[in-house]
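Dear colleague,

I am handing over the structure below, and after it I set out what was found. Please read the notes alongside the coordinates.

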Amino acid sequence: MSAHRSAPSSWTARVRDAAVRAMPPERLLPDEQPAYMSSWVYIFGVLTLASLAVIIGSGVILGLKGPAWWHYTGVGHFFNSIHLWAVELFFFFTVIHLWAKFFMAAWRGGRARTWASGAVTFLVAVPCAFTGYVSQQNFDSQWIATQAKDGINSTGIGAFFNVLNFGQMYTYHVLLLPVLVVALVLAHVLLVRRHGIVPPLPLADLRPPTS
Amino acid sequence: MAALRSPRSLAGVLLAALVNLNHPASYVHAGFFQMSVSNLVVIGLMVVVFAAAIALPFRRRHEDEQR
């Protein structure tokens, strides 16, 4: 065996080597974190992830039973309520997570993509929730859809994104947008693992200037 | 009134009695600013939780428990 290892010929080996170089196992699944993480303010990211897991779990059950199920069964109503309140908590924790990271200037130290992926995830999650509100199949969803129609049409994308089309909105809600949200969240978490948690702002910046 | 005797219905009545939601939403309106009271309550709660997360001490391991 030669001292210099030649480049692997197969693309799978090259992808594997690049993945391990970018994300060594000890960085992907660390068993300790910096001391400055000993604060409750660092917990909202994982609370957002927990909410997302409940959203997906309850959403899968609702999807398996169909969009009308929650109207005529108590169990369906229960899972619909779980789904709704998990969404409320998801946005509650996401917004606090964004506030915390904004005031930490969490894009420092080559973490711009981490910050941007989190912000974009929030922006994509908003229409993901809105398409759920117009998929309720009740008077509330009809009211929301007819109001949203005028707003969407004023942007010029009403021909492609028709909020009065239940089938289209339901597909966006249960497939297209959730896949995008989960993919963005995965990318965000991997970027956090790769670059680490942003350290606190240096105290030197807070001292008054000396003459 | 027979339905009210079941525990499930009674719990619903008691919960509903805490906050009367059987009316159109209340709004705060000042000039260009308009927002429902429920949304303002949620935003206020987020500010309170954010401030509490910064202010409240996080449980640390004692020195002798550390590796």
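**Helix packing around α5(A)**

The axes of α3(A) and α5(A) come within 8 Å of each other and cross at roughly 155°, where axes are lines fitted to C-alpha atoms, for helices over the stretch in contact, and angles run from 0 to 180 degrees between N-to-C directions. That angle makes α3(A) roughly antiparallel to α5(A), given that angles under 35 degrees count as roughly parallel, over 145 as roughly antiparallel, 65 to 115 as roughly perpendicular and the rest as oblique. Helices here are DSSP runs of H or I with at least four residues, strands are runs of E with at least two, and both are numbered from the N terminus.

Before going further, please note that this is a predicted model, in which local features need pLDDT of at least 70 and side-chain atom pairs count only at pLDDT 80 or more, while totals for chains, interfaces and linings use all residues. Residues are numbered from 1 along each chain as its sequence is written, and chains are lettered from A and ligands numbered from 1 in the order in which they are written.

The contact of α3(A) with α5(A) comprises 16 nonpolar, ten polar and one charged residues, where Ala, Val, Leu, Ile, Met, Phe, Trp, Tyr, Cys and Pro count as nonpolar, Asp, Glu, Lys and Arg as charged, and the others, Gly among them, as polar.

Helix α5(A) also packs with α6 (residues 112–133) of chain A, their axes coming within 11 Å and crossing at roughly 155°. This makes α5(A) roughly antiparallel to α6(A), and the crossing of the two is left-handed. On the α5(A) side the contact is made by V87(A), T94(A), L98(A) and K101(A), and on the α6(A) side by W115(A), G118(A), F122(A) and A129(A), two residues being in contact if their C-beta atoms, placed from the backbone, lie within 7 Å. By class, the contact of α5(A) with α6(A) has five nonpolar, two polar and one charged residues.

**Between the chains**

The contact between the chains takes eight residues from chain A and eight residues from chain B. The side of chain A that touches chain B has six nonpolar, two polar and no charged residues.

The axes of α5(A) and helix α2 (residues 37–55) of chain B come within 10 Å and cross at roughly 50°. That makes α5(A) oblique to α2(B), and α5(A) passes α2(B) in a right-handed crossing. Here F92(A), V95(A), I96(A) and W99(A) in α5(A) meet M46(B), V49(B) and F50(B) in α2(B), so that, by the classes already given, the contact has seven nonpolar, no polar and no charged residues.

**Domains of chain A**

Chain A is divided into domain 1 (39–94) and domain 2 (105–197), with bounds that come from an automatic or database domain assignment. The contact takes eight residues from domain 1 of chain A and seven residues from domain 2 of chain A. On the domain 1 side, α3(A) gives the most, with three residues.

**The hairpin in chain B**

Strands β1 (residues 27–30) and β2 (residues 33–36) of chain B pair in the antiparallel sense over four bridges, pairing being assigned if DSSP finds at least two bridges between two strands. Y27(B) stands opposite S36(B), and V28(B) stands opposite M35(B). The hairpin has two residues between the strands, and in it G31(B) takes a positive phi near 65°.

With best regards

Conventions
A crossing is left-handed if the near helix is turned anticlockwise from the far one by less than a right angle, and right-handed if clockwise.
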